Amino acid sequence: MYVIIVGGGTVGYHLTKDLVARGHEVTVIEQDEARCKRLTEEFGEVVLRGECDVALLREAGAERADVLIAVTDQDEVNLVACLLARRLLKVPRVIAHIVDPRNRPTFEGLGIDLTVSSTDIICNLIEQGAITTEIIPLLALGKGDLEIVELVLPHDSPALPLLLKDLPLPGDSVLVSIIRGDQIVFPRGSTTFRPNDTILALTSTKGVEQLKQVFYR
Amino acid sequence: MKVLVVGSGRVGSFLARHLVGHGHQVVVVDRDPTSFKMLGEDLVVERVAAPATGEVQTTFTAKTRIRCVVGSGSDAEVLKTAGIQAVDAFVAVTDNDYVNLMAALVAKELHHTARIIIGIINPRRLQIARELQIEAICPLTLGAQSMFESLVR
């Protein structure tokens, strides 16, 4: 893939490092001389120095780029870079890093659908950790409203005497598998539970709290 | 007409006062509340609004009757508090060209404001504004142009 990165700060640097290591072609657009120097010394000729406008994007070969990622520390700059790339140079995929999560609806409204906000990610992690002390989120799916979670059954779990089919599971949750020691048990209606079973469940984010009540006292 | 001015610096406050002097209704947005002093000496904090968005507050200059909203001009919520839905014209003249561009995009594409104009400090960015179909003026270029004309006339 050919990737154009706008902004060679900390995020841009590590993105470049990662993408280059995976064998992708990368060009970084960066204004600051010291940052450009550091990137060139480490990754070779990957830098175009200057401000991200259409002329520089053309010089970077944006017409053949597969994706542009804007990761400067200014949301406004990232927005403009993405819009120029998308609208004028028809880059098929643009991704914007946003500092202030309140700007997300604006980006979406202007057609930049893929935004990444570290503030949002950290807040979600904290929130999930806070509401589910024993249920560990493993993977967020969709737009984050569906997730795969892991939970370990305690000795006093109210689920222990019951068959799976008798569990009051929330309607939008499915048990995916049960890990018992080094065995994997595929859950059926007749499955029973044992203490220390590790359960993987697919659930809506709303269902997490209810799942907790099914398996924990 | 109703005009929303983003940026209460020299250009913004001059423009706001001028518009009010000509009988127009003006709201000014700036993230620095001290900048509203340039609108008039009689500045009073009228109410603190929109607690959900935190930084948004509204002040008022009594004599000049300019409503002032504290917040970033590129923040869509702040612009809503300032009443962007109902304005006839939108001006963005902060000292950050990209804030002006983003604010104008919000006005143009999300609120379909009839008349939009922004100030651009770095003349090279006039091209960016043109490409995003935002009308822009660079005071520096205009100033230099008129100096040139006086010199060679």
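## Ground rules

Since the model is predicted, local features need pLDDT of at least 70 and side-chain atom pairs count only at pLDDT 80 or more, while totals for chains, interfaces and linings use all residues. Residues are numbered from 1 along each chain as its sequence is written, chains are lettered from A and ligands numbered from 1 in the order in which they are written, and side-chain values use heavy atoms, with hydrogens and water left out.

## Nonpolar cores

Let's start inside. A nonpolar core here is a set of buried Ala, Val, Leu, Ile, Met, Phe, Trp, Tyr and Cys residues joined through side-chain atoms within 4.5 Å. Buried means under 20% relative accessible area, exposed over 50%, and partly exposed in between, using a 1.4 Å probe and protein chains only. The largest such core has 60 residues, and the members touching the most others are L57(A), L68(A), L4(B) and F90(B). Apart from it lies another core, this one of 18 residues, including V149(A), L167(A), I178(A) and V185(A). In soluble globular proteins, nonpolar side chains tend to be buried together.

Take L68(A) as an example. Leaving out residues up to four places away in sequence, its contacts (heavy atoms within 4.5 Å) include I4(A), V6(A), L57(A), A81(A) and R93(A).

Rings of Phe, Tyr and Trp (its six-membered ring) pair if their centres lie within 6.5 Å; planes under 30 degrees apart are stacked, over 60 edge-to-face, and the rest tilted. That rule gives 2 aromatic pairs over all chains. One of them is tilted: Y13(A) with F43(A), 5.6 Å centre to centre and 50° between the planes. Y13(A) sits in helix 1 (residues 10-21) of chain A and F43(A) in helix 2 (residues 33-43) of chain A, so the pair ties together parts 30 residues apart in sequence. Helices (H or I, at least four residues) and strands (E, at least two) are DSSP runs, numbered from the N terminus. Y13(A) is buried at 7% relative accessible area, and F43(A) is buried too at 16%.

F193(A) and F215(A) make an edge-to-face pair, 5.9 Å centre to centre with 80° between the planes. F193(A) is in the loop between strand 10 (183-185) and strand 11 (198-204) of chain A, and F215(A) is in helix 7 (residues 208-215) of chain A, 22 residues apart. F193(A) is buried at 5% relative accessibility, and F215(A) at 0%.

## Cysteines

With a disulfide taken as a pair of cysteine sulfur atoms within 2.5 Å, the whole structure has 0 of them. C138(B) is in no disulfide, and the nearest cysteine sulfur, that of C52(A), is 20 Å away. C138(B) is buried at 4% relative accessible area, and C68(B) is buried at 0%.

Chain B has 5 helices and 8 strands, running β-α-β-β-β-β-α-β-α-β-α-β-α from the N terminus. Buried residues make up 46% of its 153 residues.
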